[in-house]
Amino acid sequence: LAAKSYSLALRLAVSPYSKFTDADTTSKLYTNLALASLNAGHFHKAEQACSSALAMPGGGANVSALRRRAMAFKAMNNVERALHDLSKAEQALESQLRESGGGNASKSSNGAVEKQKLQKMLS
């Protein structure tokens, strides 16, 4: 049900008649579709959704999309590509934390949680 809802939202978001959806929102919809697809065991669809999120303007540093695509690759027994995405996710996360200067406690906390998730996936 969640995957169908995100698919519908994406169809509306990328419609030429949509005036209110920006690249960031569309990227988040793709990333959430990927999570729903992973939970449903649709790994190829999850990988495609993450790749779409990462192809959006500014999407190359989307840590969640990289992490979820790595999960899809791992589930499809493509360990090399999974490790590559996890490495890119870690680099993007480090860059985001440097840019925030550590001054934002919420971002630093979220960054620490993401880093723990990445480290757990690597082990």
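Let's start with M56, which sits in the loop between helix 3 and helix 4. Helices here are DSSP runs of H or I with at least four residues, strands are runs of E with at least two, and both are numbered from the N terminus. M56 counts as buried, at 19% relative accessibility. The cut-offs go like this: buried is under 20% relative accessible area, exposed is over 50%, and partly exposed is in between, with a 1.4 Å probe and protein chains only.

So what does M56 touch? Setting aside its neighbours within four places in sequence, M56 is in contact with A23, T26, S27 and Y30. Contact here means heavy atoms within 4.5 Å. A23 is 33 residues away from M56 along the chain, with 6.2 Å between the two C-alpha atoms.

Quick word on what you're looking at. This is a predicted model, where local features need pLDDT of at least 70, side-chain atom pairs count only at pLDDT 80 or more, and totals for chains, interfaces and linings use all residues. Residues are numbered from 1 along each chain as its sequence is written, and side-chain values use heavy atoms, with hydrogens and water left out.

Okay, the overall picture. The protein has six helices and zero strands, and along the sequence that reads α-α-α-α-α-α. There are 123 residues, and 34% of them count as buried. If you take the contacts with a separation of 6 or more, 48% are between residues 24 or more positions apart. The accessible surface comes to about 7,400 Å², and 54% of that belongs to carbon and sulfur atoms. Those areas come from the Shrake-Rupley method with a 1.4 Å probe, and for residues only the protein chains shown count as cover.

Now back to helix 3, residues 43-55. It has 13 residues, and at 1.5 Å a residue it should span 18 Å; the end C-alpha atoms are 18 Å apart, which agrees. That expected span is 1.5 Å times one less than the number of residues.

Which residues of helix 3 are buried? They are A46, E47, A49, C50, A53 and L54. Look down the helix axis and these buried residues fall within an arc of 165 degrees, so they line one face of helix 3. The arc is taken from the directions from the helix axis to the C-beta atoms. As for what covers them, that includes helix 2 (23-39) and helix 4 (63-75).

Let's zoom in on A46. Not counting residues up to four places away in sequence, A46 touches A34, S37, L38 and A72. S37 lies in helix 2, and S37 is buried, with a relative accessible area of 0%. Apart from its neighbours within four places, S37 is in contact with H42, K45 and A46.

As background, nonpolar side chains tend to be buried together in soluble globular proteins.

On to charges. A salt bridge is a side-chain nitrogen of Lys or Arg within 4 Å of a carboxyl oxygen of Asp or Glu, and by that rule the count is two. One joins K28 and D24, at 3.3 Å from N to O. These two are four residues apart in helix 2, so about one helical turn separates them. K28 is partly exposed at 49%, and D24 is partly exposed at 45%.

The other salt bridge is between D85 and R69, with the closest N and O atoms 2.5 Å apart. D85 lies in helix 5 and R69 in helix 4, so this pair ties together parts that are 16 residues apart in sequence. Both D85 and R69 are buried.

Last stop, the loop between helix 4 and helix 5, where we find N77. N77 is exposed, at 68% relative accessibility. What is its phi? Phi of N77 is near 60 degrees, a positive value in a residue other than glycine. For context, most residues other than glycine have a negative phi.
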